[in-house]
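Q: Could you take me through this structure feature by feature, giving the general idea before the case at hand?

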Amino acid sequence: MGSSDLDVCAYFERAAEALSLSDDVREILRHPTRSVAASIKVRMSSGAIRTFPAWRTVYSNALGPAKGGIRFHPSVNADEVATLSFLMTFKTSLAGLPFGGGKGGVAVNPRDLTSHELERLARGYVRALRYDLGEGRDIPAPDVNTNGTVLAWMADELAALEGTARTAGITGKPVSLGGIEGRAEATGRGAAKVVHTLRDHLGLGDKAALAIQGFGNAGAQFARDMVAEGYVITGLSDSSGSVVSRDGIDPVEAETYKREHGGLKGFADPAPDDDLRQADCDVLVPAALGGWIDGDNAARVAAGAVVEISNQACTVSGGDALEDRGIHVVPDILANAGGVSVSYLEWAQNLSGMQMSRDEVFADLDARMVRIAKAVAQRADEDSTGLRDAAYRIAALRLADALEAMGTQRLFNE
Ligand code: NAD
């Protein structure tokens, strides 16, 4: 049989087994299509050259050009990038988008760089991968520590190398440079739509309590949208610490405090052991970096449901341990699919020359998130599985249909 080196491939193997997928499909989806490593040389302000290791993986382009963010973080490595490209492949498939899955990263702490150095690094990344990237090949987007300005530098570099002014090859650009309205809100808003759509499946009553780890772009938007729906935030954290309040936290006040004090610490009571996993709540929402819930600490989770806004918030053993305890897990490929869904609209807008209003973007996003959340819940009910297995079955089936349309072993043996 052979198997992938990636832990997360276990999710696909389970789906393949349950769906009796063909050996061809299993073999194709077990391994990334292409992984490229590069050394980006940057002239630093000191005058010296510094080298930054960088990667880009296309896991699959069975359903279209690869799509996935570029992460700037000191701990990024080839395996992490490949794992994230696997997740993107199943996320775009689940969301019904005409994309494959990819991901990129650079091992760097961008806070150590001046803005000139950061621009040279961003442009250097595109130059190193110029033959791999492009609107019909592989389309990067923002991820951890890469923002609209970084993506604007990348889009400008790619367009210059291609001799065009069209920038569909990079999404997440500022609106004034071909970006799309509503992209900043998309991930948090999409996650809120998913949770609200799944409220019966998750057993959430009125005023259900939420604790959110990672009060950044996605986590803060999610908090605002959930409060608008009548849910209550009882715990929040960022890299400065974790705070809890049984009376409920106003996310707008928390944002103001965070802006003024540089972090949430001190805004409300500290969480037990400064560990939000143990916070008393109905739904625990990891929205910082991956791997926060693992096989060792899953027993400490007090909530009845976990919503993975961060990619791979649970390790494979952590997610399994939660489900063994009867805790629902809304998987990353469903919970955070709002971001790539709006990136798709940006790409389509750039290719077509048509422009979408903010209301049109949100209408498309909301409808897609409700549609896929309902499909996953229905599949979970029909198959008596958790939400993650249900999501992987839907995504794997769409990929299998595309791959088998090229012919199966039966065709070639006839
Ligand atoms: P962000 O950088 O804006 O926010 C991350 C937040 O996490 C920050 O507030 C930071 O202080 C906090 N944090 C860091 N370490 C922490 C720790 N140990 N404990 C508690 N908080 C900690 O990032 P974002 O764009 O909101 O993305 C969050 C996660 O969602 C990432 O894993 C990202 O891959 C995933 N995601 C984001 C998008 C998107 O469109 N933004 C799309 C898909 C997935």
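Q: Where is the place of Thr171?
A: This is a predicted model, in which local features need pLDDT of at least 70 and side-chain atom pairs count only at pLDDT 80 or more, while totals for chains, interfaces and linings use all residues. Residues are numbered from 1 along each chain as its sequence is written, and side-chain values use heavy atoms, with hydrogens and water left out. Helices (H or I, at least four residues) and strands (E, at least two) are DSSP runs, numbered from the N terminus, and Thr171 is placed in the loop between α5 (148-162) and α6.

Q: Is Thr171 buried or exposed?
A: A residue is called buried under 20% relative accessible area, exposed over 50%, and partly exposed in between, using a 1.4 Å probe and protein chains only. Thr171 has 0% relative accessibility, so it counts as buried.

Q: With which side chain does the side chain of Thr171 make a polar contact?
A: A polar contact is a pair of N or O atoms within 3.5 Å; within protein, one must be able to donate a hydrogen and the other to accept it, and residues adjacent in sequence count only if both atoms are side-chain atoms. Here the partner is the side chain of Lys67, at 2.8 Å.

Q: How many residues surround the ligand?
A: A residue is near a molecule if one of its heavy atoms lies within 4 Å of it. There are 20 residues around the ligand, and the closest are Thr187, Asn217, Ala218, Ser239 and Ala288. By kind, the shell divides into 5 nonpolar, 10 polar and 5 charged residues, where Ala, Val, Leu, Ile, Met, Phe, Trp, Tyr, Cys and Pro count as nonpolar, Asp, Glu, Lys and Arg as charged, and the others, Gly among them, as polar.

Q: Which atom of Gly216 lies 3.4 Å from an oxygen atom of the ligand?
A: For Gly216 it is a backbone N or O atom, whereas for Asn311 a polar side-chain atom lies 3.4 Å from a ligand oxygen. An N or O atom in the side chain of Arg71 is 3.2 Å from an oxygen atom of the ligand. Taken alone, the ligand exposes 830 Å², of which the protein buries 74%, the areas coming from the Shrake-Rupley method with a 1.4 Å probe.

Q: How many aromatic pairs does the structure hold?
A: A pair of aromatic rings is described by the distance of the centres and the angle of the planes. Rings of Phe, Tyr and Trp (its six-membered ring) pair if their centres lie within 6.5 Å, and planes under 30 degrees apart count as stacked, over 60 as edge-to-face and the rest as tilted. The structure holds 10 such pairs. One of them, Phe86 with Phe90, is tilted, at 4.7 Å centre to centre and 35° between the planes. Because Phe86 and Phe90 are 4 residues apart in helix α3 (residues 78-94), about one helical turn separates them.

Q: Which residues other than glycine have a positive phi here?
A: Most residues other than glycine have a negative phi. Lys207, however, has a positive phi of about 60°, and Asp273 has one of about 55°. Lys207 is found in the loop between α6 and β6 (209-213), and Asp273 in the loop between β9 and β10 (283-286). Lys207 counts as exposed at 65% relative accessibility, and Asp273 counts as exposed at 66%.
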